[in-house]
Amino acid sequence: VLGFMINTVYKISLHAIGMGGLIGIATLLYFSFAYATFNMKIATFEVSVPTRWLVIVSIILAGWVSSARLHLKAHDLKQVYIGLIIGFFSQWIAWGVYQFI
């Protein structure tokens, strides 16, 4: 909602907001379950993924998406950074509100 409201006045990257949110939730999972692994079933086999790999993969994906937005000249660097920041901190703020309630 915050991204939509800001985007009506100033253009920001909604793709970057999504990727920032992905990094935010991955870091929250890492700090909450630092030594845990997540078991994921892919097709017919099961994969165990450590939480630190979730953070690393989310940062790489965010870099690819952000680079693509810049390469296509859909946004400038400031718009991408603002999107990443809003997405990241919205997850942390939501977590803080959840813990408060």
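Biologist: Which element gives the most to the nonpolar patch, and with how many residues?

Modeller: In this predicted model, helix α3 gives the most to the nonpolar patch, with six residues. The patch lies on the surface and is formed by L22, I25, W53, I56, V57, I60, L61 and W64, which together have about 740 Å² of accessible area. The elements that give two or more residues to the patch are α2 and α3.

Biologist: Where is W53 found, and how exposed is W53?

Modeller: W53 is found in helix α3. To judge its exposure we look at the relative accessible area, where a value under 20% means buried, over 50% means exposed, and anything in between means partly exposed. W53 has a relative accessible area of 45%, so it is partly exposed.

Biologist: What is the general idea about nonpolar side chains, and which residues make up the largest nonpolar core here?

Modeller: In soluble globular proteins, nonpolar side chains tend to be buried together. In this structure, the largest nonpolar core has six residues, namely A16, M19, I23, A62, V80 and L84. The elements that give two or more residues to this core are α2, residues 14-32, and α4, residues 77-100, and the largest share, three residues, comes from α2. If you select A16 and set aside residues up to four places away in sequence, you will find that A16 touches V80, G83 and L84.

Biologist: Let us step back to the whole chain. How many helices and strands are there in the protein chain, and in what order do the elements run from the N terminus on?

Modeller: The protein chain has four helices and two strands, and from the N terminus on they run α-α-β-β-α-α. The C-alpha atoms fill a box of roughly 45 × 35 × 20 Å when it is taken along the principal axes. Of the 101 residues, 28% count as buried, while the accessible surface of the chain comes to about 7200 Å², of which 73% belongs to carbon and sulfur atoms. Among the contacts with a separation of 6 or more, 62% are accounted for by residues 24 or more positions apart.

Biologist: Where is H75 found, and does H75 count as buried or exposed?

Modeller: H75 is found in the loop between α3 and α4. Its relative accessibility is 10%, and H75 therefore counts as buried. Leaving aside neighbours within four places in sequence, H75 is in contact with K11, I12, S13, R69, L70 and V80. The side chain of H75 also makes a polar contact with the side chain of Q79, at 3.3 Å.

Biologist: Where is the place of Q79, and why does Q79 count as it does, as buried or exposed?

Modeller: Q79 has its place in helix α4, and Q79 counts as buried because its relative accessibility is 11%. Not counting residues up to four places away in sequence, Q79 touches Y10, K11, I12, S13 and A74, and among these K11, I12 and S13 are also in contact with H75.

Biologist: Turning to the strands, what is the place of S48, and which residues is S48 in contact with, leaving aside its neighbours within four places in sequence?

Modeller: S48 has its place in strand β2, residues 45-50, and with those neighbours left aside S48 is in contact with T37, F38 and N39. With N39 there is a polar contact between the two side chains, at 2.7 Å. S48 has a relative accessible area of 48%, so it is partly exposed. For a sense of distance, the C-alpha atoms of S48 and I86, which are 38 residues apart along the chain, are separated by 30 Å.

Biologist: Where does K73 lie, and what is the phi of K73?

Modeller: K73 lies in the loop between α3 and α4. K73 has a positive phi of about 60 degrees although it is not a glycine, and with a relative accessible area of 70% K73 is exposed.

Technical notes: Residues are numbered from 1 along each chain as its sequence is written. This is a predicted model: local features need pLDDT of at least 70, side-chain atom pairs count only at pLDDT 80 or more; totals for chains, interfaces and linings use all residues. Side-chain values use heavy atoms; hydrogens and water are left out. A nonpolar core is a set of buried Ala, Val, Leu, Ile, Met, Phe, Trp, Tyr and Cys residues joined through side-chain atoms within 4.5 Å. Buried means under 20% relative accessible area, exposed over 50%, partly exposed in between (1.4 Å probe, protein chains only). Contact means heavy atoms within 4.5 Å. Patches are made of residues with over 30% relative accessible area and no salt bridge: like charges are joined within 9 Å, nonpolar side chains (Val, Leu, Ile, Met, Phe, Trp, Tyr) within 5 Å. Accessible areas come from the Shrake-Rupley method with a 1.4 Å probe; for residues, only the protein chains shown count as cover. A salt bridge is a side-chain nitrogen of Lys or Arg within 4 Å of a carboxyl oxygen of Asp or Glu. A polar contact is a pair of N or O atoms within 3.5 Å; within protein, one must be able to donate a hydrogen and the other to accept it, and residues adjacent in sequence count only if both atoms are side-chain atoms.
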